[in-house]
Amino acid sequence: MRANAETMRDTRTAADAPAPRDGGRVKVLFPLPLYKAYDYLAETSAGLAPGVWVRARFGPNRLVGVVWPAREDEEPAVEPAKLKPIEAALDAPPLAPAVMDFVDWVAAYTMFPRGSVLRLVMRSGDALAPPEGLVGYRPAGARPARMTPQREAVLAAAEGGVLSARALAAKAGASESVVRALAAAGALAPEPIDPDPPFPAPDPDRPGKALSPEQQAAARRLIDLIAREKPRPVLLDGVTGAGKTEVYLEAVAAALRAAPDAQALVMLPEIALTLPFLKRIAERFGAEPAAWHSDLGAAQRRRVWRRVLDGSARLVVGARSALFLPYRNLRLIVVDEEHEAAYKQEDGVIYQARDMAVARGALGRFPVVLASATPSLETVVNVDQGRYEMARLEARYGGARLPDIALVDMRREPPEPGRWLSPPLAQGVDEALAAGGQALLFLNRRGYAPLTICRRCGSRMKAPDSDTWLVEHRFENRLVCHHTGFSMPKPEACPVCNAVGALVACGPGVERVAEEAAERWPQARRAVLSSDAAGPAQIRAILDAMRDGEIDILIATQLVAKGHHFPNLVFVGVVDADMGLAGGDLRAAERTYQLLSQVAGRAGRAERPGRALLQSFSPDAPVLQALASGDRDLFLAAEAESRRLTGSPPYGRFAAILLRSRNEALLKEAAERHRAAVPRADGAEVWGPAPAPIYRLRGETRMRFLVKTRRDIDIQAYVRTWLKRARLPGAVRRVVDIDPYTFL
DNA sequence: AGCACGCCGACT
DNA sequence: GTCGGCGTGCTC
């Protein structure tokens with residue numbers, strides 16, 4: 001048991017504490033999957049202010065929780081007899097009101113329990129426990145009688161500040177025994193050291209890199225926009241290499257300058273959070289930022305958390321979870337690479353970090369900068385509709401160039417039977433290899449045959465009740481719609497043109513394309529990149545190998561589109577450009593455009609322009625035409641129009657409800673009961689149950705519903721009404737995913 | 001999240 | 001007969 005050294009906090013000093021209603025009764029929220037805060041007795045007459053960290057018994061255990069603000073929607077008070085006392089208030093700065101508002105808001109939006117969201121805030125485990133005693137050494141003035149080079153080195157190292165024996169020894173290049181000997185001789189004096197050393201203050205006025213006139217203009221505009229009374233989110237739009245980072249760092253500087261305790265967060269996709277990036281920031285501000293990401297060690301995690309809480313960590317650079325740190329006075333968030341799908345958190349509390357950042361800004365009344373070379377459609381639409389501001393880094397339209405893109409009409413230039421790469425595509429790879437460059441074959445599909453088309457007439461097998469494609473399930477030899485659950489035996493003849501035997505499973509998984517690549521280019525070095533191929537380390541290794549030119553042909557899913565840079569990539573073949581246009585994934589077309597933009601970004605530096613070929617059965621589709629035109633804004637407009645027509649986000653709302661269980665029969669029964677309980681409402685519809693994207697996972701079977709509503713409908717309220725009506729057996733678990741990203 | 005209470009299989 | 005499986009429900 002840890003020493004309970006927390007001191008009682010004199011709560012009467014909390015001047016702004018509103019007197020608790022109902023004398024001495026306060027609400028406490030615990031970091032557990034609980035929807036509500038629990039009532040406790042505060043023994044001091046003034047009670048405890050919201051935000052104060054407390055320890056109290058909850059059931060049989062003692063837990064740390066937070067005194068929570070009383071909200072309007074509360075149910076009748078529990079009997080006083082049930083109330084337990086708060087055992088202690090912890091000696092730590094209270095949670096800021098904006099953070100509590102944010103927890104409540106995220107819980108309401110995502111439909112996860114408040115306590116689960118609070119757990120995201122408290123994820124640093126025992127950060128509130130008193131620090132363990134750590135001893136360091138400083139020079140004591142006295143010099144030992146006998147000096148050695150090692151001793152000299154250690155004493156010199158100790159001049160720099162109080163360091164632990166180990167750190168001192170490492171710095172001096174000597175062993176710890178030298179340190180101990182010096183301490184014993186009285187040349188070094190022991191001194192307790194702070195296990196969570198504060199972060200040095202960033203200096204916003206330090207001269208940064210010289211900005212180009214264009215960067216200066218963008219920075220100025222950004223600073224003007226965010227200085228407004230009621231700041232709106234700003235899209236910072238500029239091509240790779242245009243120096244977006246330097247520009248938004250000026251916004252960070254302005255935010256830090258605005259108040260002595262102001263904090264700023266620069267959020268990055270996990271994969272982009274690298275040491276060189278941190279160094280770059282350190283150079284600008286003359287101090288290391290507080291870095292926050294998933295594989296931070298416990299000590300670092302604790303240090304960052306505590307220093308963010310007490311406000312001394314003023315600049316945080318972190319992955320999506322950094323959004324939930326306990327900021328004291330957050331004044332700016334930059335979401336770099338805002339289009340990245342990696343901002344979508346898929347386990348635990350499911351949320352979109354970019355969207356939550358925007359909400360955090362609104363609650364805290366501060367600006368949010370969304371930076372990207374290939375902004376997401378949602379963000380672009382928000383700009384178009386005047387909800388977001390925009391600052392562009394290139395005077396020319398959008399600036400994002402696309403490579404030389406051509407479409408391959410698969411009806412006119414089909415691959416040989418049993419193959420998936422058309423002659424032009426294969427030729428593109430040939431040429432890339434001959435020129436000593438790399439080729440990428442891109443494919444949005446990792447599973448098996450996802451789409452059944454008629455080779456004769458080009459028509460796609462669709463579900464009768466929706467405009468979605470049918471996916472072949474090989475085991476059952478059936479065609480299944482993953483949206484609606486509709487399924488039928490695979491027919492012999494095409495229902496449109498009646499051609500017999502012309503129906504083919506199309507859009508092969510990466511493995512099948514890899515097979516074909518092996519046949520065609522046996523001498524080339526090839527690799528397959530897909531999320532079910534390997535763990536993160538292997539994925540990393542493949543990406544590094546590609547970057548370093550150790551791979552000639554990479555066959556990859558969307559994983560490759562996550563902000564990587566391959567300097568020698570000269571050809572991209574998109575194996576099935578139709579996939580995203582009406583198929584499983586809402587954002588597949590967008591990812592294709594992002595990927596292509598990346599290729600183009602490099603093409604400027606490469607000797608020859610990058611080339612891309614898109615294989616399609618419907619090359620006349622407006623979205624594909626726009627892509628092939630190489631005009632980014634035209635593409636975005638076409639994509640927006642297609643979303644508008646189908647009522648998809650951002651013009652409509654989606655929610656996914658996943659049911660899972662080890663007991664398949666119970667699951668099916670629960671799914672049926674949910675189906676029956678679907679409320680009728682104007683502007684809302686529910687599709688399903690259908691097999692979930694991954695039907696069997698870790699011994700569980702999973703079914704999924706998709707809710708689609710008009711934009712003006714409160715989708716959470718609709719889902720709540722529905723789910724309240726469908727009681728589920730305990731053996732079936734249910735997860736709500738608002739704004740789902742995975743549709744496959 | 002823990003933890004206790006509560007009804008159905010293979011053991012001393 | 002009982003030990004114990006984990007399904008279900010509660011924690012102010």
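Among contacts in chain A between residues at least 6 apart in sequence, 74% join residues at least 24 apart; a contact means heavy atoms within 4.5 Å. The model is predicted: local features need pLDDT of at least 70, side-chain atom pairs count only at pLDDT 80 or more, and totals for chains, interfaces and linings use all residues. Residues are numbered from 1 along each chain as its sequence is written, chains are lettered from A and ligands numbered from 1 in the order in which they are written, and side-chain values use heavy atoms, with hydrogens and water left out.

Chain A holds 20 helices and 32 strands. These are DSSP runs numbered from the N terminus (helices: H or I, at least four residues; strands: E, at least two). Of its 744 residues, 55% count as buried, that is, under 20% relative accessible area with a 1.4 Å probe, protein chains only.

Five domains are assigned: domain 1 (5–121), domain 2 (135–192), domain 3 (213–398), domain 4 (400–445 + 508–639) and domain 5 (652–738). The bounds come from an automatic or database assignment. Domain 1 gives 19 residues to its contact with domain 3, which gives 17 residues. The two bury about 1,600 Å² between them, 80% of it on carbon and sulfur atoms. Buried area is the accessible area (1.4 Å probe) lost on being put together, summed over both parts. On the domain 1 side, the elements giving two or more residues are α1 (97–110) and α2 (114–121). Helix α1 gives the most, with 8 residues.

Helix α7 (residues 244–258) has 15 residues. Of these, 13 are buried, so α7 is largely enclosed by the rest of the structure.

Methods. The expected span of a helix is 1.5 Å times one less than its number of residues. Buried means under 20% relative accessible area, exposed over 50%, partly exposed in between (1.4 Å probe, protein chains only).
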